[in-house]
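Please keep the sequence and the structure in view while reading the numbered points.

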Amino acid sequence: MAEPILRLEGLCKSYGGLDVTDHVDLEVAPSGVHAVIGPNGAGKTTLINQICGLVAPDAGRIVFAGHDVTHRPVHARARLGLARSFQITSILPAFSTLENVALAVQAHAGSSFRLFGRADREEVLNGPAYAALVEVGLGERAHVPAGSLSHGEKRALEIAIALAMDPKLLLLDEPMAGTGREETERLVHLLQGLKTRLPMVLVEHDMTAVFELADHVSVLIYGRILASGPPEAIRADRQVIAAYLGEGE
Ligand SMILES: Nc1ncnc2c1ncn2[C@@H]1O[C@H](COP(=O)(O)OP(=O)(O)O)[C@@H](O)[C@H]1O
Ligand SMILES: [Mg+2]
């Protein structure tokens, strides 16, 4: 594999004696979708939280884009290009769709905006914000209150907010959760377009979506990587079928 964009080495995290992340080694390629699948409680969200910096690991190392970020805070990782799709609760419902993205651009750019006057500032913010909305198919919804978006559109807005930060890697934790079939298909289509230019780590329960999108699949069971490989190999893996994919596939 080309130099990985993300490497986890011996990552460990336990809560009250429960090993939620148990010596996880993982390499994420600099292109394509790397899916992380596994049953509820396997430790997928905890893993994503350690990668983005919300949860500190007990042991191990996280190397992103050549930097050891294990002990760096969330915003420092974001500056390096590590973006996590925001939770729906971070969307401000009374603000327009465009304003929601522009605020994220401003937060990301930080104090550099002091250099601009008000009109310039709006243009500098709205340009990339609008481009991100167009990329996720929300261009025509730019000026409606974010609160009026459908559930699937809010998911797309979260992705636009992440994109506006010009990420090098996008972390997605169950983007299809709670969306209907049609909205799921729209999100899959959106991610298929995005993955041509941006590598992603995708945690997802919808196996149809996973196998449509993934170039690489890792299976997490009780905090351990049970198997990791190309989708076809994972689908055929007896251990994986027994532990997770069994029914429903
Ligand atoms: N902050 C926490 N304190 C205690 N236990 C936690 C905490 N976060 C997660 N856990 C436990 O860790 C396990 C894995 O959780 P999680 O990472 O959310 O799994 P998944 O996303 O795969 O469903 C669960 O048993 C959960 O209860
Ligand atoms: Mg989870």
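1. The buried residues of helix H1 are Lys44, Thr46, Leu47, Ile48, Asn49, Gln50, Ile51 and Cys52; buried means under 20% relative accessible area, exposed over 50%, and partly exposed in between, with a 1.4 Å probe and protein chains only. Because eight of the nine residues of H1 (residues 44-52) are buried, the helix is largely enclosed by the rest of the structure. Glycine 53 follows H1 and has a positive phi, near 105°. Helices (H or I, at least four residues) and strands (E, at least two) are DSSP runs, numbered from the N terminus.

2. On the basis of the note: this is a predicted model, in which local features need pLDDT of at least 70 and side-chain atom pairs count only at pLDDT 80 or more, while totals for chains, interfaces and linings use all residues. Residues are numbered from 1 along each chain as its sequence is written, chains are lettered from A and ligands numbered from 1 in the order in which they are written, and side-chain values use heavy atoms, with hydrogens and water left out.

3. Four strands make up an open sheet in the order S2-S1-S4-S5, with antiparallel pairing; two strands pair if DSSP finds at least two bridges between them. Strands S2 (18-28) and S5 (67-68) stand at the edges with a single partner strand each, so one side of each is left without a neighbour in the sheet.

4. Strand S1 (residues 6-15) pairs with S4 in the antiparallel sense over five bridges. Leucine 6 has phenylalanine 64 in S4 as its bridge partner. Phenylalanine 64 also stands opposite histidine 67 in S5.

5. S4 (residues 59-64) is joined to S5 by two bridges, again in the antiparallel sense. Which residue in S5 is the bridge partner of valine 63? That partner is aspartate 68. S4 and S5 form a hairpin with two residues between them, and alanine 65 in the turn has a positive phi of about 50°.

6. Leucine 103 is found in helix H3 (residues 97-109). Its relative accessibility is 34%, and therefore leucine 103 counts as partly exposed.

7. The charged end of arginine 235 sits over the ring of phenylalanine 211, 4.2 Å from its centre. The criterion is that NZ of Lys or CZ of Arg is within 6 Å of the ring centre and within 35 degrees of the ring normal.
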